[in-house]
Amino acid sequence: MKVSVNAVMKYMEELAPLSVALPGDPVGLQVGNPSSIVDSIMVALDPDLETIEEAIKKKAQMIITHHPLIYNKLSSINEAGPRGSLVARAIRNNLHIYSAHTNFDVTRGGVSYRLAEALGLPVKNASVLEVTGSEQLLKLVVFVPKGHEDRILDALARAGAGQIGRYSHCTFQTMGTGTFMPAADTNPFIGSKGELEKVSEIRLETILPVTRRKTIISDLIKHHPYEEVAYDLYPLDLEGDEIGLGLLIDLEEELSFDQLINRCLTNLSTNTLRYSINDREGFRRIALCGGSGGSLIEHAARQNADVLISGDFRYHDLKDAQALNIALIDAGHHATELPGVKYLKDYLQHKLEDEGYGVEVHLQALTPAGWSCT
Ligand SMILES: [Zn+2]
């Protein structure tokens, strides 16, 4: 079964909601038609000429990228310019291009989490380096026939509901009586058609992050015994977990300079690194940010990080880091974001399979960033 561009956009927004993107970042559908149908998708870091040509060759009709195709506003689509020629090429070939940029940078489980995972660093107790917002929370109330509450509680917890700080499976449950009358064309789990039924039910209440809403409700419906599930969702005036740029990770045992550098070279798609270690020998508090992390040097130093791993550091970033006594490892913008791109491909592929779509999801051939080094 093919999928609509609109459905793919919804699945992407479950992972990385547009609302958490940094101000002015043009995330979402950049080129295309939400009501079109596609059966092949390509995931890539950049919507560049190489990606567009590869999508055309592989007959992918939709491209999902991290970096937006149109970042600065276009006043014309002039094919003599680099941006105009890409937009025209995409439109002429009926391609739909969607970008999850800073919304995927800041979301929990986004770019920096995937970089940490690729480097074998623990993210369980990681904190955000620069907070840009917090997850929005909802209250869920669902009515469950007595005896089925543990199964529902377990399904909700596994889908991501009921998490308060380091406590999972948080709910409040009260007993009561539910009433309903099944219509002639129903198949009731309890009761008979046309008769008023009174059932001992549990009112089970819990909280959930808005980003997990679709998955949690779909799992709730899958595990609830009733044909029609009665539930309510309420907005809450509460701050959820912090989200933002970069991560700060404390290691139980420090890594030596050689160990840390070797992990970067072995686990990331790069064979060149720049670094400034300020005479440090071991690293225990590690800050990292996929992409371009120069703006996070002060945040990392203020939080006593030993090192910041990122890409695109400038000369003046180096001078700031030296003054603040924090080491830098520059593994490249491209290499530090690729783990996130690979994750996007896996996420989308599994999501579409789970939803019953027979859609191919390709990862763009991950060639090096394009620099040559001597
Ligand atoms: Zn980037």
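Leaving aside neighbours within four places in sequence, which residues is Leu-308 in contact with? Select Leu-308: its partners are Ala-287, Leu-288, Gly-293, Leu-296, Ile-297, Ala-300, Ile-326 and Leu-328, where contact means C-beta atoms, placed from the backbone, within 7 Å. The model is predicted: local features need pLDDT of at least 70, side-chain atom pairs count only at pLDDT 80 or more, and totals for chains, interfaces and linings use all residues. Residues are numbered from 1 along each chain as its sequence is written.

Next, select Ile-41, Ala-287, Val-307 and Leu-308, the residues with the most contacts inside the largest nonpolar core, which has 79 residues. Such a core is a set of buried Ala, Val, Leu, Ile, Met, Phe, Trp, Tyr and Cys residues joined through C-beta atoms within 7 Å. A residue is buried if 20 or more other C-beta atoms lie within 10 Å of its own, exposed if 12 or fewer, and partly exposed in between. Helix H11 (residues 333-354) gives the largest share of this core, seven residues; helices are DSSP runs of H or I, at least four residues, and strands are runs of E, at least two, numbered from the N terminus.

Move to Ala-116, in helix H5 (residues 111-118). Ala-116 counts as buried because it has 21 C-beta neighbours inside 10 Å.

Finally, display the open sheet of eight strands, ordered S8-S9-S7-S10-S12-S13-S14-S11 with mixed pairing; strands pair if DSSP finds at least two bridges between them. Strands S8 (172-180) and S11 (274-276) each have a single partner strand, so one side of each is left without a neighbour in the sheet. Within S14, Leu-328 is the bridge partner of Ser-276.

Definitions and conventions
Two residues are in contact if their C-beta atoms, placed from the backbone, lie within 7 Å.
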